[in-house]
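Here are my notes for your first look at this structure. Keep the model open and find each residue as you read.

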Amino acid sequence: THRWTVALAGNPNSGKSTVFNNLTGSSQHVGNYPGVTVEKREGFAGSDNKEFRIVDLPGTYSLTAYSEDEVVARRFIVEEKPDVVANIIDASNLERNLYLTAQLLELEQPTVLVLNMIDVASGRGYSINNKALEEVFASPVVRTVGSRNQGTKEILAACAASAGQQHQSWRIDYGNLESAIEQLSHELTANGEGLRFPVRWLAIKLLENDEEILRLIRDLSAGQTIIHRAAKLRQELQTKNDEDPELTIADRRYQFVGKVLSRILTVQSDKNQTTS
Ligand code: GDP
Ligand code: K
């Protein structure tokens with residue numbers, strides 16, 4: 001039988017370790033990612049005659065080059081290309097969690113959205129429209145309560161259905177940065193052979209002045225040309241928007257998430273005040 005690789009990604013405290021434990025039981029082992037001190041937890045899961053290797057990525061809020069955990073998470077997804085990414089989402093804290101979801105989807109791997117902590121979300125009067133959420137992210141949604149081991153089999157079923165599928169076309173519209181993204185994507189398509197990251201993602205990272213990606217591009221034969229072009233475009237955008245493009249990109253992502261929330265989330269206000 002084929003063994004699918006599933007990478008668990010999510011914010012710290014989304015319940016990712018709990019879900020990992022539910023999925024893998026006693027089959028876990030701990031190693032290290034090459035060259036860094038970050039722990040790599042892996043295990044196996046089986047369901048309906050299918051086998052899964054589950055890799056628990058470090059919990060992160062973002063996928064920048066500013067922290068080792070974030071670099072490890074994004075590298076694993078792009079370099080090892082798991083069959084599917086399972087994004088563990090704290091359903092009671094959607095804004096912050098979907099900000100990571102948007103960045104994970106930019107890596108263009110098949111992704112399953114796992115709405116965990118559904119019990120907490122319901123307790124606060126949050127009602128989440130599954131179908132709308134699936135539509136806006138072009139990805140299947142599963143609901144779980146990790147602390148009660150609910151929805152665990154459903155995660156595996158959704159992963160099996162998504163594994164190895166073509167990533168559905170999905171993107172954030174970065175508004176007046178799109179032309180710069182397009183120009184850099186063009187350069188990278190022509191001169192970026194051997195890079196395993198999606199071209200559009202690389203272009204966005206160049207506009208964010210991402211240290212690790214700059215190093216990667218610098219090693220290409222046309223690297224200096226691409227880096228100069230990126231610097232020039234960054235300067236132009238800085239002037240035009242009166243803001244560092246890195247901040248503009250973060251703003252646009254938050255705006256996107258805000259729009260998603262207004263579409264998928266309704267809050268019953270009498271429950272909103274209760275604490276649990
Ligand atoms: P991680 O940092 O993402 O690995 O989060 P953990 O797995 O350590 O979970 C953080 C806390 O949330 C723990 O106390 C878990 O027992 C709890 N937890 C996990 N999933 C759920 C859930 O679906 N509902 C509730 N109420 N608590 C959960
Ligand atoms: K924890």
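1. Start with a backbone contact. A backbone N or O atom of S14 sits 3.1 Å from an oxygen atom of ligand 1. Please bear in mind that this is a predicted model.

2. Next, look at S17. Here the side chain makes the contact: one of its N or O atoms is 2.4 Å from an oxygen atom of ligand 1. G146 uses its backbone instead, with an N or O atom 2.9 Å from an oxygen atom of the ligand. How much of ligand 1 does the protein bury? Taken alone, ligand 1 exposes 580 Å², and the protein buries 67% of that.

3. Now take in the whole shell. There are 15 residues around ligand 1. The closest are N13, K16, S17, T18 and D119. By class, the shell holds nine polar, four nonpolar and two charged residues.

4. Which helices supply at least two residues of this shell? They are helix 1 (16–24) and helix 4 (118–123). Helix 1 gives the most, with three residues.

5. Leave the ligand and turn to the aromatic rings. The whole structure has six aromatic pairs. One of them joins F137 and F256. This pair is edge-to-face, with 5.8 Å from centre to centre and 70° between the planes. The pair links distant parts of the chain. F137 belongs to helix 5 (residues 130–137), F256 to helix 11 (residues 245–264), and 119 residues separate them.

6. F137 has a relative accessible area of 1%, so F137 is buried. F256 has 17%, so F256 is buried too.

7. F256 has another aromatic partner, W170. Their pair is edge-to-face, at 5.6 Å centre to centre and 85° between the planes. W170 lies in the loop between helix 6 (152–162) and helix 7 (178–191), while F256 is in helix 11, so the pair ties together parts that are 86 residues apart in sequence. W170 and F256 are both buried.

8. Ring pairs link F137, W170 and F256 into a cluster.

9. What lies over the face of Y61? It is R96, at 4.1 Å from the ring centre.

Note on methods: Residues numbered from 1 in each chain as written. Chains lettered and ligands numbered in written order. Predicted model: local features only at pLDDT ≥ 70, side-chain atom pairs only at ≥ 80, totals over all residues. Heavy atoms only, no water. Near = heavy atom within 4 Å. Polar contact = N/O pair within 3.5 Å; in protein donor to acceptor, adjacent residues only side chain to side chain. Areas by Shrake-Rupley, 256 points an atom, 1.4 Å probe, with all protein chains shown as cover. Helix = DSSP H or I, 4+ residues; strand = E, 2+ residues; numbered from the N terminus. Nonpolar A, V, L, I, M, F, W, Y, C, P; charged D, E, K, R; others polar. Phe/Tyr/Trp six-rings, centres within 6.5 Å; stacked < 30°, edge-to-face > 60°. Buried < 20%, exposed > 50% of the residue type's maximum accessible area, 1.4 Å probe, protein only. Lys NZ or Arg CZ within 6 Å of the ring centre and 35° of its normal.
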